[in-house]
Amino acid sequence: MKNKILDMTTLDKTLLKELDAYINLLDGDKGEHLIHVLHKAQELFGYLPQNLQLYVARKLDLSGARVNGVVTFYSFFNEEPVGKYKISVCMGTACFVKGADKVLERVESLTKTKKNEISEDGLFTIKDVRCIGACGLAPVMTVNDKVYGKVKPNDVDEIIRYYRGLEDENN
Ligand code: FES
């Protein structure tokens, strides 16, 4: 975490209260629950800006660097705002040799979004990630927690259509 003063007063008070309530229910050494607390914080706030990471660090009596190390290590944590559906395409070796770059291209083209950006409708964020440990299913992409294996560029059309369809159902 960069060494700068982080303003925690800009964080939504109601959401912080909810996070505090969650932390207060934890047993034992609260620092051991760091990953769960970060999941909860991300669920509430949508992502984990650095001032929120520092808030969590203080609450759990951990260093800001320790919390930031965990946030940056796991690809399911986001330090920046993300779309409702986070699409991650694995660019690890096994996936790359099986055409992950073509899958990523297809995702970018269908969502009209470049990697590390949010689509104009706010639905999709595109990321390329390191090996997610499912090499047997290469090439692999995920949408939020759902894993898609042996993905061909043409399969991407159906996957994107599915998530767009969910939105239409909800509206
Ligand atoms: S290289 Fe993609 S899951 Fe391992």
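Q: Where does D61 lie?

A: D61 lies in the loop between α3 and α4. Helices (H or I, at least four residues) and strands (E, at least two) are DSSP runs, numbered from the N terminus. This is a predicted model, in which local features need pLDDT of at least 70 and side-chain atom pairs count only at pLDDT 80 or more, while totals for chains, interfaces and linings use all residues. Residues are numbered from 1 along each chain as its sequence is written.

Q: Is D61 buried or exposed?

A: A residue is buried if 20 or more other C-beta atoms lie within 10 Å of its own, exposed if 12 or fewer, and partly exposed in between, with C-beta atoms placed from the backbone. D61 counts as exposed because it has 9 C-beta neighbours inside 10 Å.

Q: What is the phi of D61?

A: Most residues other than glycine have a negative phi, and most peptide bonds are trans. D61 is not a glycine, yet its phi is positive, about 60°. K112, likewise a residue other than glycine, has a positive phi near 50°. K112 is found in the loop between α6 and β2, and it is exposed because 11 other C-beta atoms are within 10 Å.

Q: Which peptide bond is cis?

A: The bond from A138 to P139 is cis, with omega near -5°. P139 has its place in the loop between β2 and β3. R130 is found in the loop between β2 and β3 (141–143), and it counts as exposed because it has 12 C-beta neighbours inside 10 Å.

Q: How do the axes of α2 and α3 cross?

A: Axes are lines fitted to C-alpha atoms, for helices over the stretch in contact, and angles run from 0 to 180 degrees between N-to-C directions. The axes of α2 (residues 34–45) and α3 (residues 50–60) cross at roughly 140° and come within 11 Å. Therefore α2 is oblique to α3; angles under 35 degrees count as roughly parallel, over 145 as roughly antiparallel, 65 to 115 as roughly perpendicular and the rest as oblique.

Q: Which residues make the contact?

A: Two residues are in contact if their C-beta atoms, placed from the backbone, lie within 7 Å. From α2 the contact takes L34, V37, L38, A41 and F45, and from α3 it takes L52, V56 and L60. In α3, the residues L52, Q53, L54, Y55, V56 and L60 are buried, and what covers them includes α2 and α4 (64–73).

Q: What is the largest nonpolar core?

A: A nonpolar core is a set of buried Ala, Val, Leu, Ile, Met, Phe, Trp, Tyr and Cys residues joined through C-beta atoms within 7 Å. The largest has 17 residues, and I87, V89, V103, V107 and M141 have the most contacts inside it. At least two residues of this core come from each of β1 (85–90), α6 (100–111), β2 (124–129) and α7 (153–170). Another core, of 12 residues, lies apart from it, with L19, L38, V56 and V71 among its members.

Q: How many helices and strands does the protein chain have?

A: The protein chain has seven helices and four strands. From the N terminus on, the elements run α-α-α-α-β-α-α-β-β-β-α. Of the 171 residues, 23% count as buried.
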